[in-house]
Amino acid sequence: MTYDYNKVIIALDTPDDRKALDIVRLLKDKISVFKVGLELFCASGPEIVKKINDEGCKVFLDLKFHDIPNTVAGAVKSCISAGPFMLDVHASGGLEMMTKAKEAAEGAQSGKKPILLAITVLTSLDEKDLAAMNIDKMPKEQVKTLAYLAKKAGLDGVVASPKEISAIRETVGKDFLIVTPGVRPTWAAAGDQKRIMTPAQALDKGADYIVVGRPVTAAADPLDALSKLFQ
Ligand SMILES: O=C(O)c1cc(=O)[nH]c(=O)n1[C@@H]1O[C@H](COP(=O)(O)O)[C@@H](O)[C@H]1O
């Protein structure tokens, strides 16, 4: 079975923009989308998005906005000028917040509208973690509820664990992106991820994109780790 590396997003979780750009240059023949998360963005600012775009790559700007609707709409508007390919907000910010985020994204210049995703239940959380927050549900049920709201708000898709792909498809149908972090090749440590599957299993289940960080970026040889991603 061969897998499509265009569906792989590499998470650049480092505070060092030079290191992030080195990884982009090393992997860009195989990878077209790189994720800039809070660690890199807080250290480097919106410039890092432009620098990665200048390498001919796209950016998933993963800032996971979660605030009142007016504030999130403003944040979405503010970061669009950097040129992200994808952006995300927390679905648990609610329907109105997601709707305002979507309207703000639609205000982007033509051709610059980013894909807008909703985070459902973080892949680092399990049933016990939800119970501690007084959410008396299995993660899958909570993901279904949040995916339904994200679809209703007109977002383009969700971020969830690969374990929930089938449940999301049953809830919101086919025309909705599913992006799955929480993927670990058989040879990699889980670390703080709790709801995991392998990259191959996630794509077999129908993930549109998988997100992977440390198994590749923390490897002694990231290109070699990438070549073994589907093992
Ligand atoms: O939004 C995300 O990308 C995200 C959502 C989620 O539920 N879980 C999750 O791990 N992520 C991100 O995906 C990446 C996973 O990195 P690794 O655990 O190193 O593969 C990190 O950058 C996380 O911030």
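**Ligand shell, barrel and annotated sites**

Mentor: Let's begin with the ligand: sorted by class, its shell holds seven nonpolar, six polar and six charged residues. Here Ala, Val, Leu, Ile, Met, Phe, Trp, Tyr, Cys and Pro count as nonpolar, Asp, Glu, Lys and Arg as charged, and the others, Gly among them, as polar. Keep in mind that this is a predicted model, where local features need pLDDT of at least 70, side-chain atom pairs count only at pLDDT 80 or more, and totals for chains, interfaces and linings use all residues. Residue numbers start from 1 along each chain as its sequence is written.

Trainee: Which residues come nearest to the ligand?

Mentor: A residue is near if its C-beta atom, placed from the backbone, lies within 6 Å of the molecule. There are 19 residues around the ligand, and those that come nearest are A11, T123, P181, G213 and R214.

Trainee: Which strands each supply at least two residues of that shell?

Mentor: Strands are DSSP runs of E, at least two residues long, while helices are runs of H or I of at least four, both numbered from the N terminus. The ones you want span 58-65 and 209-212, namely β3 and β8.

Trainee: What do the eight strands form?

Mentor: Two strands pair if DSSP finds at least two bridges between them. The order runs β1-β2-β3-β4-β5-β6-β7-β8 with parallel pairing, giving a closed barrel. From one strand to the next, the twist averages 25°.

Trainee: What is the bridge partner of F65 in β4?

Mentor: β3 runs parallel to β4, residues 86-90, and three bridges join them. On its other pairing, β3 meets β2 in the parallel sense over four bridges, with F34 opposite V59. For F65, the partner in β4 is V89.

Trainee: What angle does the direction of α3 make with that of β3?

Mentor: Axes are lines fitted to C-alpha atoms, for helices over the stretch in contact, and angles run from 0 to 180 degrees between N-to-C directions. Contact, or touching, needs C-beta atoms, placed from the backbone, within 7 Å. Helix α3 (residues 47-54) packs on the sheet and touches β2 (33-36) and β3, and the angle with β3 is about 155°.

Trainee: Is K64 buried, exposed or partly exposed, and why?

Mentor: K64 lies in strand β3, and an unreviewed UniProt entry annotates D62, K64 and D67 as "active site", although such annotations may be inferred rather than shown by experiment. A residue is buried if 20 or more other C-beta atoms, placed from the backbone, lie within 10 Å of its own, exposed if 12 or fewer, and partly exposed in between. Because K64 has 16 C-beta neighbours inside 10 Å, K64 counts as partly exposed.

Trainee: Which residues does D67 touch, not counting those up to four places away in sequence?

Mentor: D67 is in the loop between β3 and α4 (69-80). With 14 C-beta neighbours inside 10 Å, D67 counts as partly exposed. Leaving out residues up to four places away in sequence, D67 touches V72 and G93.

Trainee: How far apart are the C-alpha atoms of K151 and F176?

Mentor: K151 lies in helix α7, residues 139-152, and counts as buried because it has 21 C-beta neighbours inside 10 Å. K151 touches V172 and F176, not counting residues up to four places away in sequence. K151 and F176 are 25 residues apart along the chain, and their C-alpha atoms are separated by 7.7 Å.

Conventions:
Two residues are in contact if their C-beta atoms, placed from the backbone, lie within 7 Å.
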